[in-house]
Amino acid sequence: FTGHCMFYELLGIDASRPHAINIRGEFIIDRPTQQVYTYWRNLSNLPVSINHLLNVEMEGENLSHWKSNILGNVFPVDWHAEIVKDEPGRLIGWRSAPGTLIHHIGRVEFAERPDPQETLLKIVISYHPPAGGIGLGLAKLLNPYFESLLKKEIKTFKYKIETTMPLHQF
C-alpha cells in the first residue's frame, strides 16, 4: 500500500525504475575476423555450434525465429529477433521483435587482433525480465548462471569453428 516492499529492498530492487540485466563476455577465436563474422552472420550455423540453441529460422532478411532450451528441456523458450545493425566483418546488433516475452537487445563484435588468424569476439546481451520486481530479483540471482552458460556456449562455438569447420567452408 505504501509502495515500500521489504523483499524488494533485500534484493536491492527499486520498482519505480525499470532495470536491464546485462550478460557480457569476451573470447579469443583462432580464426580470422571475416571468417568468424561470416559464420556467425549465417544464423542457421549457430544451433550446430551452441548447445542450448535448438533452432534458428530466417523469416526475412533481418527477422528470425529462435528456439532454445536454455531453461532446460522441460521449458523451451522461443522468440523473434530482428537484426538492427550489421557492419560486415565488425558488428551484428539485434533486438527482440515486438510481442516477444523477454525483451532484449544484444550485439556481437568481431575485432581484429595483432595475429590476423585471431578474432576478439565481444558479446553483450541486455534483457528486461518479465514479472516486474520478482522477475528482476530472480534474474539477478540467475545472472551468474547465465554468464557461466554464455562462456560454456562460446567455448563450444570456439571448438566447433576452430576444429571442425574447414577454412574453405567460410
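**Reading burial and contacts**

Author: Let us begin with Ser-68, which lies in strand S3 (residues 63-68); helices (H or I, at least four residues) and strands (E, at least two) are DSSP runs, numbered from the N terminus. This is a predicted model, in which local features need pLDDT of at least 70 and side-chain atom pairs count only at pLDDT 80 or more, while totals for chains, interfaces and linings use all residues. Residues are numbered from 1 along each chain as its sequence is written, and side-chain values use heavy atoms, with hydrogens and water left out.

Reader: Is Ser-68 buried or exposed?

Author: Buried means under 20% relative accessible area, exposed over 50%, and partly exposed in between (1.4 Å probe, protein chains only). Ser-68 has a relative accessible area of 5%, so this residue is buried. Its side chain reaches the backbone oxygen of His-52 at 2.8 Å.

Reader: Which residues is Phe-157 in contact with, leaving aside its neighbours within four places in sequence?

Author: Contact means heavy atoms within 4.5 Å. With those neighbours left aside, the contacts of Phe-157 include Ile-29, Trp-40 and Leu-121.

Reader: How many residues has the largest nonpolar core?

Author: In soluble globular proteins, nonpolar side chains tend to be buried together. A nonpolar core is a set of buried Ala, Val, Leu, Ile, Met, Phe, Trp, Tyr and Cys residues joined through side-chain atoms within 4.5 Å. Here the largest has 30 residues, and Trp-40, Leu-121 and Phe-157 have the most contacts inside it. Among the elements that each supply at least two residues of this core are strand S1 (21-29) and helix H4 (132-164). The largest share, five residues, comes from H4.

Methods: A polar contact is a pair of N or O atoms within 3.5 Å; within protein, one must be able to donate a hydrogen and the other to accept it, and residues adjacent in sequence count only if both atoms are side-chain atoms.
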